[in-house]
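Biologist: Let us go through this model together, beginning with the terms. Please define each one where it is needed.

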Amino acid sequence: MATSSTTLPSAGPAAGSRSFLSRLRDGDEVARLITFLFAATVVLMTLLLVFELWQGSVLPRHKFGLAFFRTSTWDPVEEQFGAIPFIYGTLVTASVALLIAVPLGIGAAIFLAELAPPRISDTLEFFIDLLAAVPSVIYGILGVFIVVPLMRQYIDPALKSVLGFLPLFQGPAYGVGFLTAGIVLAIMVIPFIISVSREVLLSVPRDQREAALALGATRWESTWKVVVPFARSGILGSIFLALARALGETMAVAMVIGNDPKISASLFAPGYSIAAVIANELAEATSELHTQSLIELGLVLFLLTFILNGLARVLIVVTSQRGAGSATA
Amino acid sequence: MNSRLRWRKFVSGFMLTLTGVCAVVSVLALFLILGYLVVRGGASINWAFFTRLPAPVGEIGGGMANAIVGSGKLLLLATLFGVPIGFLGAIYLAEFSGHKMAFLVRYSADLLNGVPSIVIGVFAYTVAVLPFKQFSTLAGGFALGLMMIPITLRSTEDFLRSVPNNLREGAMALGASKWKMIATVIVPAAYRGILTAVLLAFARVAGETAPLIFTALGNTFWSPGWTQPTSSLPVTIYNYALSPYEDWHRQAWAGGLVLLVLILLINIIARGILARGISVSRS
Amino acid sequence: MKRIPASIAVLVLGAAAVLLADNTLSINGAGATFPFPMYSKWFDEYHKKNPNLAINYQSIGSGGGIKQVTEGTVDFGATDGPMSDEQLKAYQDKHGSGILHFPTVLGAVVPTYNIPGVNASLNFTPEALAGIFLGKITKWNDPAIAGANKDVNLPANDIVVVHRADGSGTTYCWTDYLSKVSDEWKNKVGKGTSVSWPVGLGGKGSEGVTGTVKNTPNSITYVELIYAEANKIPYGSVKNADGVFVRASLAGVTAAAAAAAKEMPDDFRVSITNVKGKGAYPISTFTWLLIPAKFSDNAKRDAIKGFVAWMLADGQNFAEALSYARLPNEVVAKEKKALANIQ
């Protein structure tokens, strides 16, 4: 048996009432220690990850400092590295994705939560959950073989002829680029918006709806003007979750974004995202500065997703607490 | 009925129909994806695909046998690494820990969960490849296992907590020590949920590509043992899809179909287990 | 209940370990995509002759080959852009011993394109190529291109430039050539395995850029000859240093290597772009294996030396079928002697 000389305070129902010796004899102290070690491993791994990201990017942080975020050149020959094209590409593709996915997703969530009979709602939700499980590389091959030719042959020219007066839709269209990447990302994140929004909408207490209907609102008005605003934070949380997923998405984007580290006003233009450049260049960045600049990009991505995930969780919790609090009122 | 009300009713009907359209479109995506994969990939799935090694570049007739086995080995390692940590860590959180430690562990798990898979790949390259000067199945399994930990941990903790307290109290009243109570009463009561969590985590990492590019690298042959680079299904699909060779494209579709079917099956089974489990424990 | 999954896991692990941990010697190499079709064939053939030896080559780009062999994560590397002095020093500093270049075959980098309605082999002047890749020549019917192709009907479409997104020896060769023929390119972009491209889409690996060009109308890229041939995409002729338009061929590449063969430096690092010579193709290059001078594992060392010896003899017979040129005899002889330097 392990001989633990420090007395760990024990949680659980029978807290202080059993002596340390009896706990030790029954093996509880061992069990506690073992499970503690495993739990601590989780914390240690996370700390190690952050540490490695920080340590691994020391060269560019010292050499470029904040200028890293103001430079748009990425020149391995001249050893000049700047993050702007990648941050730009990551944000633009994510924005396009959300612009498409949010209306569709919230619409679908409203349907599933408010309108559809429970069996249909559950069945459709089942399929949506399966959609969320489709791996990124599959979206990638569909992107390369189906979406890109579709964009190049039909959708880009159509957009150009209708909306070509906007700088967003000018310039040559290759099929790959910001818009295509955004569309593929949209398909990937819709399930997340739908699942989470549906849950928060379902958690809105019934009396909210009933009160609105009682006051003469139509079904839609009660939903859109009462229920949705009530669940507003949770829905916003689902959007942040989707955004975090879109920002970190690697394979599908790398296969359809065009891999050109340039900023462009046109959505047809090829671009680059943080995740894609790391995937393409890390294994071969020969200079230490190049490698570490890529790791610094990884650190930036990590921080972005970290903040978004944190915000998302807070928002979702706030909504369910509002719902719970209001229901008991 | 005045016209204003008629208009409002019309808007209501219209918008709600629109939401229905949104839902259908979203679900349609799944069927389109499956459909394409079945059509393009189904034709290419044959015995050779499952049993042969890749042929030299440009020659046809190769298969993805080593990629399939490689994925199997990687996932086995990931499970052996990630599940015990998640499971035992969750037991600590649910049964033993104090508030501060619990917060720290949960927070770390959520952090880990949100890390983009490419960053996990970078981390695994730095700690599991460089120091050993070796791309390996172990490094790949480590990266994937890291991704399994948060899902397993949080879900297991939730299911352990959902076991009603009277079961705990009953066991203690009969004189069971804490760990015995956990092992023989609580875990079995929550086992359906835990199994579901493990399966879902497994399905999640089964399709991951980015963490493997810098850890398991790839292998044109069988990967002997655990310390050599290995081919895997997602990475091979990725490489083949980007190539200009028709035969490789064909195989990419086939591989995609196999991968997707596998993942969807696991998801369906997992949810099935959970659904049956809920009705059991609520009774 | 929990025992069952655990015991299954142990069984599977055990079976896997038994089945798969046979006595195959596994050697891992990574690097250039340029010669990948050749290496892929070679390692497959060599495995057939030596079933207990599996040489796993991963085509991740020359930059990746240099980096990973320097890190020590692979047993050998491969590149078409020879390591620079700084890179050699970095290797030396890290390992305490050097790394050797061994040429394997010769290849041609061709400008390959996809212009709807144009199947002919276009003539490209150095100015045209530099202008296109600098982004200054933007349409296919630009006089700089049309001037050399009077009997081809070039459309007024925008040129889509495609280049390598990963660190590439093919890029090294291409930019080496462009730096020699265009001062503007030399000053603005320079040469390297990874450069800051003025324009264009990025594709991953020779495979990626070929695939992109195949699928993208009005595009142009630079890639090893076999990729264009195997995928039946048209590729153009380039005006060489003698002023003659030469279409890439084994003869043209061999002619380019002829002068270099006689004056091959001891470390085998040499550029053969834009050389003078009758019928020489101007964008030719050797491609090299990067083999550490010192091995700690004798079995691996002997296996690799055995492979290189085979490659210099029987291996060369496979080259022409895959559109790579054989090594000149003088180079082969020199390499055989250099094998002794691997300890």
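Modeller: Contact means heavy atoms within 4.5 Å. This is a predicted model: local features need pLDDT of at least 70 and side-chain atom pairs pLDDT 80 or more, while totals for chains, interfaces and linings use all residues. Residues are numbered from 1 along each chain as written, chains are lettered from A and ligands from 1 in written order, and side-chain values use heavy atoms without hydrogens or water.

Biologist: At what angle to β8(C) does helix α9 of chain C run?

Modeller: Helix α9(C) spans residues 205-215, helices being DSSP runs (H or I, at least four residues) and strands likewise (E, at least two), numbered from the N terminus. Helix α9(C) lies across β2, β4, β6 (160-164), β7 and β8 (219-224) of chain C. With axes fitted to C-alpha atoms, for helices over the stretch in contact, and angles from 0 to 180 degrees between N-to-C directions, its angle to β8(C) is about 150°.

Biologist: Which strands of chain C stand at the edges of the sheet of 8 strands?

Modeller: The open, mixed sheet has the order β2-β1-β3-β11-β4-β8-β6-β7 in chain C, where two strands pair if DSSP finds at least two bridges between them. From one strand to the next, the twist averages 25°. Two strands have a single partner each, so one side of each lacks a neighbour in the sheet: β2 (53-59) and β7 (201-203) of chain C.

Biologist: What is the bridge partner of K239(C) in β10(C)?

Modeller: An open, mixed sheet of 3 strands in chain C has the order β5-β9-β10, with β5 (123-124) and β10 (245-247) as its edge strands. Strand β9 (residues 237-239) and β10(C) pair in the antiparallel sense over 3 bridges. In β10(C), the partner of K239(C) is F245(C).

Biologist: How many Å² do chain A and chain B bury between them?

Modeller: The contact draws 77 residues from chain A and 79 residues from chain B. Carbon and sulfur atoms carry 82% of the buried area, the accessible area (1.4 Å probe) that two parts lose on being put together, summed over both. In chain A, V42(A), F145(A) and W220(A) lose the most area to chain B, together 9% of what that side buries. The total is about 6,800 Å².

Biologist: At roughly what angle do α2(A) and α4(B) cross?

Modeller: Residues of α2(A), among them F36(A) and V42(A), meet residues of α4(B), including M101(B) and L104(B). The axes of helix α2 (residues 28-55) of chain A and helix α4 (residues 99-114) of chain B come within 9 Å. They cross at roughly 50°.
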